[in-house]
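Look at the charged side chains in the structure below. This briefing covers how some of them pair up and how exposed they are.

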Amino acid sequence: LKDMLYLVAAKCVGRQMDIEVQRAGLQFHVNMVLSPIRDGAGRVSGILCSLRDITAHKKLEASLRQMVEHQMQVIELKSRFITMASHEFRNPLAIIQTASDLLCTYDDKLPAEAKREELSRIRQSVRKISDLLDDVLLLGRVESGNLKFTPELLNLDDFCQYLISDFELLAGEGHHLVYVKPEVPQPVYADPRLLQHILGNLLSNAIKYSPLGSTVTLEVMQKNGHVILSVRDQGIGIPAEDQKNLFEPFHRASNVPHIPGTGLGLTIVQQAVELHGGTISFESQEEVGTTFIVKLPRRVPKAEPS
Ligand SMILES: Nc1ncnc2c1ncn2[C@@H]1O[C@H](COP(=O)(O)OP(=O)(O)O)[C@@H](O)[C@H]1O
Ligand SMILES: [Mg+2]
């Protein structure tokens, strides 16, 4: 300020600056303009100081900057996602191309067994592409806000019982599915479609990544206004070095190359849990098993009827 005053007085030029003022816990932004006042002889006889409150202007500027930064991040994320997704599609497409070329070129020379093998590679790749498309579209709907969070008062006990019997049918003799509840779960405010995605994905992972004959347990507990849903398996576990990236799109652990999957399931699960205002975590040890733990608030205040 001293330097400015000196400049205005000595050089007879106007100056302005924005100042941040902190007073009684409040923060203001002020625009200060200093203009020289000249006497008849042209000498500086005084300085005119005008102050303007620009707090609202500064706030608007900051929120606009934040919005632009957020949009840039979304654009960056989307383009990274598209690059990754196209890469994931290329692999099965290349397999289909090679196998069908082989079948066309050597149709009469290939033994029946080799033909069956190539056809099965084609079928697996088509399956992988169609799973990828389903998951990418679902994730897109979650991220663009098109998969709406519509909570309702849900009978959690019935919901889990139905889900487990569905999965029992699906798993057949392969796995034992167990539903455990220390006490009968109270109803919760949850979105049944999203909850179906959450538990369905975790249960199918538990089955997919554990040996035939092992047990998969769904446990429901209630604690301090939260519902804790855990899915436990006795499977191959998750290597320590893969654990920190597990919820990233397309991330698959190093011990599952022979098991088909898209690496998008957990990303979708995490988003669906977050829409409920909940959290998801896991504990895992290789060759021992994995437990995924979903913690949901029992009540979703916004959706609660008055
Ligand atoms: N219950 C589990 N046991 C062992 N590994 C798991 C389990 N659940 C998830 N994973 C690991 O996390 C990765 C990501 O899971 P997910 O997003 O569902 O994709 P995927 O389509 O591969 O199942 C899996 O590829 C696997 O490596
Ligand atoms: Mg999965």
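## Salt bridges in a predicted model

The model shown here is predicted. Across the whole structure, a search finds nine salt bridges. Three of them are described below, including the distance between the paired atoms and the exposure of each residue.

**R65 and E61**
- The side chains of R65 and E61 form a salt bridge, with N and O 3.2 Å apart.
- R65 and E61 both belong to helix α2 (residues 55–105), and because they are four residues apart there, about one helical turn separates them.
- R65 has a relative accessible area of 48%, so it counts as partly exposed.
- E61 is also partly exposed, at 32% relative accessibility.

**D107 and K115**
- D107 pairs with K115 in a salt bridge whose closest N and O atoms are 3.4 Å apart.
- The relative accessibility of D107 is 44%, which makes D107 partly exposed.
- K115 is partly exposed as well, at 25% relative accessibility.

**R121 and E118**
- A salt bridge joins the side chains of R121 and E118, at 3.3 Å from N to O.
- Both residues, R121 and E118, sit in helix α3 (residues 112–143), where they are three residues apart, or about one turn of the helix.
- R121 is partly exposed, with a relative accessible area of 38%.
- Is E118 buried or exposed? E118 has 12% relative accessibility, and because buried means under 20%, E118 counts as buried.

Key:
Residues numbered from 1 in each chain as written. Chains lettered and ligands numbered in written order. Predicted model: local features only at pLDDT ≥ 70, side-chain atom pairs only at ≥ 80, totals over all residues. Heavy atoms only, no water. Salt bridge = Lys/Arg side-chain N within 4 Å of Asp/Glu carboxyl O. Helix = DSSP H or I, 4+ residues; strand = E, 2+ residues; numbered from the N terminus. Buried < 20%, exposed > 50% of the residue type's maximum accessible area, 1.4 Å probe, protein only.
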